Amino acid sequence: MKLKVRINQNNIIILTTTLLITLLYAAGSFLYTGFFSWQVFFNLFIDNAYLIIVATGLAFVIIAGGIDLSVASVVALVSVLSASLLQEGMNAYLVMALSLLLGTFFGAGQGYIIHRFQLHPWIVTLAGMFLARGISYLISTESLVINDATYKAISRFKIPVFDDNTISVSVVIALAMVVIAVYMSKYTEFGRGVYAIGGNEKSAVLMGLPVARITVLVYTFSGFCSALGGIVFTFYMLSGYTLHLMGMEMDAIAACVIGGILLTGGFGYLIGPMLGVLCSGIIQTIVMYQGTLSSWWTKIAVGFLLFLFILLQRLILLRRERRKTITRTSPGPGADAKQSAGSSVESPGGAAH
């Protein structure tokens, strides 16, 4: 009896991303001395913790069929606001709380406007992007250094893992957010509602789902993650500047796409954005180890990967539509009852019984 190993097409992209990470890391380890080490791997998380958080929040928006272009500007705004308030002597933990509230309300406002006035998310979040960046300029046009003792202590604190390898507090925060996001997507009504709205909003309305509330909550969560990413980025840089992370929203979108989040909505695994960030992080590390290449080669490589993964997504969608068409046009179960009586039945493995 022949056995056929079938890979669920829902898992193809995530498996492809995992394979790509493995191949890229293996290539770097083969080409460069010192690349194959646990600390280099952990540094991928340390250097990109803020992006993992932001991309995870953005993934919910994309799965719901929307987009959020304001995420990078909110990160910059949080960094400038935090640095400014800390220089004025405000308590560090109060600054963090205010930053999270700012991002949360900013995202909620965008979500409310999008649903209430039925505006396209691209337009609303584009306006939010300019608004957040503009407010940053109003606070300060100069780079503000953070000398607060609490922020410095958090920034410099290292968590030992094994064999003298360490990770930062930011990595723990990022991984915790990924775990929370995965749980929310799988085991909460909110998560299931997000997928339903992204799949077909009209059907979600007919099913009685609270589309308005879920839409606002999706952008609220994205705003919260952007603010949290801003705090983590501030730990990393210990400065606030209006020009921080120009264009980072595209990096977050790219991480989601490479991680298997469908841009048309309704599908994606919440661990995917982290894998997408790791892909771009490994490429950036390879470019740094090479030494003579410009950092723009990272953008070129990520752009090439985006084309490939968008094409892969499209092929999967076409295959799904073809299967649905075949299912709708196929005869009912009793159509050929007379012809099928007494005939052999073929198993999935291909053997007749």
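## Ser 280 and its polar contact

In this predicted model, the side chain of Ser 280 comes to 2.9 Å from the backbone oxygen of Val 277. That is a polar contact, meaning a pair of N or O atoms within 3.5 Å; within protein, one must be able to donate a hydrogen and the other to accept it, and residues adjacent in sequence count only if both atoms are side-chain atoms. Ser 280 belongs to helix α12, residues 272–290. Helices (H or I, at least four residues) are DSSP runs, numbered from the N terminus.

With a relative accessible area of 17%, Ser 280 is buried. Buried means under 20% relative accessible area, using a 1.4 Å probe and protein chains only. Not counting residues up to four places away in sequence, Ser 280 touches Thr 298 and Val 302; contact means heavy atoms within 4.5 Å.

## Helix α10 and Thr 234

Now to helix α10, which runs over residues 211–237 and holds Thr 234. Of its 27 residues, 20 are buried, so α10 is largely enclosed by the rest of the structure. Its end C-alpha atoms are 38 Å apart, which agrees with the 39 Å that α10 should span; the expected span is 1.5 Å times one less than the number of residues. Just after α10, Leu 238 has a positive phi of about 55 degrees.

Thr 234 counts as buried because its relative accessibility is 0%. Leaving aside neighbours within four places in sequence, Thr 234 is in contact with Ser 79, Ile 146, Tyr 151 and Ser 239.

## Two nonpolar cores

A nonpolar core is a set of buried Ala, Val, Leu, Ile, Met, Phe, Trp, Tyr and Cys residues joined through side-chain atoms within 4.5 Å. The largest one has 77 residues, and Phe 60, Val 194, Val 218, Met 248 and Ile 282 have the most contacts inside it. Helix α2 (residues 38–63) gives the most to this core, with 18 residues. A second, separate core of 20 residues includes Leu 77, Tyr 151, Ile 154 and Phe 235.

## Confidence and conventions

The mean pLDDT (the predictor's confidence in each residue, from 0 to 100) is 89, and 90% of the residues reach 70 or more.

Residues are numbered from 1 along each chain as its sequence is written, and side-chain values use heavy atoms, with hydrogens and water left out. Local features need pLDDT of at least 70 and side-chain atom pairs count only at pLDDT 80 or more, while totals for chains, interfaces and linings use all residues.

Conventions
Helix = DSSP H or I, 4+ residues; strand = E, 2+ residues; numbered from the N terminus. Buried < 20%, exposed > 50% of the residue type's maximum accessible area, 1.4 Å probe, protein only.
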